[in-house]
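Work through the exercises below with the sequence and the 3D view at hand. Try each task before reading its solution.

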Amino acid sequence: MNSRWPILLVLLLSGALAAPVLPLLPDPLLTPGDALTADAAAICTPGYTKTVRNVPQQLKEQVYREYGITSRAPGDFEVDHLISLELGGSNSVRNLWPQSYVTEPLNAHVKDTLENRLHELACAGTLSFPQVQQAIAHNWEEAYVTYVGPLPGGMRPQRHPNEPSIPITHVPTLPPGARPGTTPDTVHPTLNVPILPGLPAPGGSGTPEVPVPLPDLAPDLSAPTETPSTSATPNTAAPTGPTPPDAQGSCPAEAPVKVSRSGLYHLPQGDANYAATRATACFPDGASAEAAGYRAAK
């Protein structure tokens with residue numbers, strides 16, 4: 001009988017070592033974060049998250065498989081939005097990961113506290129939604145220390161092995177008047193990739209998205225000018241219908257006005273949320289968007 005104890009001990013240890021590690025941080029290669037919108041008028045409306053929440057069970061099972069979690073007890077995990085819906089996050093699989101409820105002292109309840117705090121700051125105008133989206137997607141534990149306070153239990157923020165090496169004191173910010181996603185960060189170039197739209201696919205190069213150039217409306221003074229004909233008929237064409245965006249939610253140069261999923265249209269000039277909006281339809285001008293039943297973003 002005694003000779004069996006070493007064998008049993010080896011089996012028990014091997015089973016413990018084979019158990020999946022409960023993820024405290026998402027894997028950036030699997031869950032880089034993805035946002036649906038940065039429109040404060042929509043996100044800060046009471047009840048907004050109920051209108052956009054849609055994660056079917058099949059998608060949740062895919063997330064568990066990607067993280068190597070093959071068995072679990074009820075209440076052990078939640079399939080969490082890295083960028084939460086109350087911060088403008090999307091239901092994309094690139095924004096989902098299995099967060100534990102049972103780990104201590106860090107767990108899903110602690111991250112919920114951070115999400116509520118960032119929502120308050122963004123809706124109050126203290127921070128922009130692109131800022132809070134990038135902060136929580138980069139490392140939620142570091143964002144907790146920055147915006148809430150020390151982590152519970154005296155824990156120090158951890159780093160996932162696949163996380164880019166960026167000093168934890170740096171929280172992505174933009175200079176006053178800059179448009180989110182278009183102003184390079186020369187100190188931390190890995191932050192140049194905008195969360196909205198077009199995060200690089202897992203394993204991608206991380207090259208910043210090049211903004212779609214707008215038409216040059218300035219006259220060419222070097223070219224000879226022609227005298228307009230007095231018999232020319234004024235342009236009275238009806239407003240143009242929608243143009244579909246590309247796969248990243250960007251609009252072509254000939255139809256630069258973006259319509260978000262919340263039914264608001266965003267102009268390419270003078271709209272702070274334009275670069276961060278993932279378009280569902282594109283129009284050449286605001287009049288065409290309004291004729292189609294959409295309203296202007298405030």
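The model shown is predicted.

**Exercise 1.** Classify the ring pair formed by Tyr64 and Phe77.

Solution.
- Step 1: The ring centres of Tyr64 and Phe77 are 6.0 Å apart, and rings pair if their centres lie within 6.5 Å.
- Step 2: The two planes stand at 70°, and an angle over 60 degrees counts as edge-to-face.
- Step 3: The pair is therefore edge-to-face. The structure holds two aromatic pairs, and this is one of them.

**Exercise 2.** Which parts of the chain does the pair of Tyr64 and Phe77 tie together?

Solution.
- Step 1: Tyr64 belongs to helix α4, residues 57-66.
- Step 2: Phe77 belongs to strand β1, residues 77-81.
- Step 3: The pair therefore ties together parts that are 13 residues apart in sequence.

**Exercise 3.** Decide whether Tyr64 and Phe77 are buried or exposed.

Solution.
- Step 1: Buried means under 20% relative accessible area.
- Step 2: Tyr64 has 6%, so Tyr64 is buried.
- Step 3: Phe77 has 12%, so Phe77 is buried.

**Exercise 4.** Which charged end sits over the ring of Tyr64, and which over the ring of Tyr274?

Solution.
- Step 1: Over Tyr64 sits the charged end of Arg72, 3.7 Å from the ring centre.
- Step 2: Over Tyr274 sits the charged end of Lys258, 4.5 Å from the ring centre.

**Exercise 5.** Describe the largest nonpolar core and the place of Leu118 in this core.

Solution.
- Step 1: The core has 40 residues, of which Leu114, Leu118 and Tyr147 touch the most other members.
- Step 2: Elements giving two or more residues to this core include α4, β1 and α5 (108-123).
- Step 3: Leaving aside neighbours within four places in sequence, Leu118 is in contact with Leu87, Val132, Ile136 and Tyr147.
- Step 4: Another core, of six residues, lies apart from this one; Val257 and Tyr265 are among its members.

Technical notes:
Residues numbered from 1 in each chain as written. Predicted model: local features only at pLDDT ≥ 70, side-chain atom pairs only at ≥ 80, totals over all residues. Heavy atoms only, no water. Phe/Tyr/Trp six-rings, centres within 6.5 Å; stacked < 30°, edge-to-face > 60°. Helix = DSSP H or I, 4+ residues; strand = E, 2+ residues; numbered from the N terminus. Buried < 20%, exposed > 50% of the residue type's maximum accessible area, 1.4 Å probe, protein only. Lys NZ or Arg CZ within 6 Å of the ring centre and 35° of its normal. Core = buried A, V, L, I, M, F, W, Y, C linked by side-chain atoms within 4.5 Å. Contact = heavy atoms within 4.5 Å.
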